[in-house]
Amino acid sequence: MPREAEPSLSERTFTLQAISEGLRLDSRKLDQFRPLELSFGDEYGVADVKLGKTRVLAKVSAEVTVPFSDRPFDGIFQITSELGPMVAPSFEVNRPTETEILLARLLEKTIRRSGALDTESLCLIAGQKCWSVRVDLHILSADGNLIDSSCLAVVAALRHFRRPDTSIEGETLTIYTAAEREPVPLSWLHSPFCTTFDFFGEDGEIVLVDTTWLEEQLRVGSVTFSLNKHGEICQISKLGGKPVEATLIIQCAQMALAKSKEFTDLVDARLAEDAKRRDKGGLMAELSAENER
Amino acid sequence: MSSEPVFVLPGDHIDPSLIPSHPKKPVRLGPGLRHVPPSDLLPTLAGQLVTDRQKNAIRVETSNGRYIPRVGELVIGTINKSASEVYFVSLSDYTAPALLPQLSFESATKKTRPILAPGALVYARVTLANKHMDAELECVSASTGKADGLGPLVGGMLFTVSVGMARLLMMPKKAQQGKVVVLDELADAGLQFETATGRNGRLWVDSDSTKTIIVVGRAIQETDQKSLGADEQRKLVKKLIKELS
């Protein structure tokens, strides 16, 4: 297995020196994100997020299965992430690295355990039939800040996704194709987003957002906030690293809230654009069998 | 040689008129070409076909991809680790390291050889590059015993550029036909800096001011990634200088 690439001494000292002077290598401000691009595929449930050179693709799929016996009223919802040799030769298939495990756990906590998707609505016949929704996350290229971009991609893909419409008459379950009935969106409760803050300096007093791969290698600690636009925190994780001041954490939380609102607006705007693109002839409202809530 | 550049894809047929035919010298094949006996020439890379009638040589030039060491080229390497006699030097990420004998520095003896920590940068020349073998480097001219500017690079910052950009930067001014003017423009704008380019797509920049280093690095990287023309490069430099002040 090839070794993980490491920055040279010159890169280390210079980057840290520049950060302590308040400068970043790409001339961004310390609290500025790289240009963020979100686009949806032709199919429902494909979201592509580009953040600088980082690129993440999320694909949602659904199938009908038998629910778990201990949870007969719940559907199945899982997120799988994949970091393969395409990202860097140091990542191997079927041998998850620490980065990959932490990413998977964080997404699990942020999106699944925070109840963003109403799994009860995925149940079709209690104990017998339910929808199994699966998100496949493909990291296409990694240049730092995988967590924020992955979370955004997963949330956007799930909100974009439409599952086939179903009906139950007596004991018979009918699943309609897209030609018969317009597919329906998932029952989505809230959109949590991650924002990662990286600490630099002797006591971790300098805070950066959206770090590149090089900066990520040199940080002394990091904290990830997951929260929705209403300021409801799903999780905060600070995994090791230098201890930082409590006041700094609170400032970070404020910034995370602002960022979360920004992300929400971005996803809403892109979803609206995409809906407009698909709504040819303005017939979508009539095609939909859903009731207004 | 025709002025129109010729591009080939792997497996393409090469027009016989493009292959140099010197009366005495044998044809020399450069990288990206393969001789299929008895008399066929097939490109193995996608890129520009370059012929040198004087040397009776032909090769394919690409601007992307991983660096493959070739004898005589100047590279910037990062020391990985030190063994008893040699340093292991990485020329590009995730590839087998090249070997740099500890005695191949200017006036180095067993007692006075430079001690380089892992992560230190060296400017070196490739002396041995065979297929299926680790490449070898030197930081001293074997014939004169002088460093000629090679050796450890201290301080500064290392930027990664494409291999094609590194080639352009290392070309003599006349040969590159004014394709890269960023560095000259930056110097004309009054910035003081020092650069070293490695053929392996590395650019080392040093200056007294942190801001200058960042500006130079960004200018080169943007020129490379967006493949800017000369006029666009001048515009970019103007923009960067404005941001600086």
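## Chain B as a whole

Among contacts (heavy atoms within 4.5 Å) in chain B between residues at least 6 apart in sequence, 63% join residues at least 24 apart. The model is a predicted one, in which local features need pLDDT of at least 70, side-chain atom pairs count only at pLDDT 80 or more, and totals for chains, interfaces and linings use all residues. Residues are numbered from 1 along each chain as its sequence is written, chains are lettered from A and ligands numbered from 1 in the order in which they are written, and side-chain values use heavy atoms, with hydrogens and water left out.

Chain B contains four helices and 15 strands; helices (H or I, at least four residues) and strands (E, at least two) are DSSP runs, numbered from the N terminus. The C-alpha trace of chain B spans about 55 × 50 × 35 Å along its principal axes. Chain B has 245 residues, of which 43% count as buried; buried means under 20% relative accessible area, exposed over 50%, and partly exposed in between, with a 1.4 Å probe and protein chains only.

## Annotated domains

UniProt positions are given in the numbering used here, feature names are shortened, and annotations may be inferred rather than shown by experiment. For chain B, an unreviewed UniProt entry lists "domain: Exosome complex exonuclease Rrp40 N-terminal" at residues 27-66. That stretch of chain B is 0% helix and 52% strand, with its end C-alpha atoms 26 Å apart. The unreviewed entry in UniProt also gives "domain: K Homology" for residues 156-210 of chain B. Residues 156-210 of chain B are 29% helix and 25% strand, and their end C-alpha atoms lie 9 Å apart.

For chain A, the UniProt annotation "domain: Exoribonuclease phosphorolytic", from an unreviewed entry, covers residues 32-164 and 191-258. Residues 32-164 of chain A are 23% helix and 36% strand, with end C-alpha atoms 40 Å apart. Residues 191-258 of chain A are 28% helix and 35% strand, and the end C-alpha atoms of this span lie 14 Å apart.

## A helix pair in chain A

Two packed helices are described by the angle between their axes and the distance between the axes. In chain A, helix α3 (residues 146-160) and helix α5 (residues 246-278) pack at an angle of about 35 degrees, with their axes 11 Å apart. Axes are lines fitted to C-alpha atoms, for helices over the stretch in contact, and angles run from 0 to 180 degrees between N-to-C directions.

From α3(A), the residues L152(A), A156(A), R159(A) and H160(A) meet F263(A), L266(A), V267(A), D268(A), L271(A), D274(A) and R278(A) of α5(A). The residues of this contact comprise six nonpolar, one polar and four charged. Here Ala, Val, Leu, Ile, Met, Phe, Trp, Tyr, Cys and Pro count as nonpolar, Asp, Glu, Lys and Arg as charged, and the others, Gly among them, as polar.

## Cysteines

Over all chains, the structure holds zero disulfides, a disulfide being a pair of cysteine sulfur atoms within 2.5 Å. C123(A) is in no disulfide, and the nearest cysteine sulfur, that of C130(A), is 6.6 Å away. C151(A) is likewise in no disulfide, with the nearest cysteine sulfur, that of C194(A), 3.5 Å away. C151(A) is buried, at a relative accessible area of 0%.

## Two buried threonines

T212(A) lies in the loop of chain A between β12 (206-209) and α4 (213-218). Its relative accessible area is 14%, so T212(A) counts as buried. Apart from neighbours within four places in sequence, T212(A) is in contact with D26(A), R28(A), R34(A), D143(A) and G144(A).

T223(B) belongs to helix α3 (residues 210-225) of chain B. T223(B) is buried because its relative accessibility is 3%. Neighbours within four places in sequence aside, T223(B) is in contact with M165(B), V182(B), L228(B), Q233(B) and L236(B).
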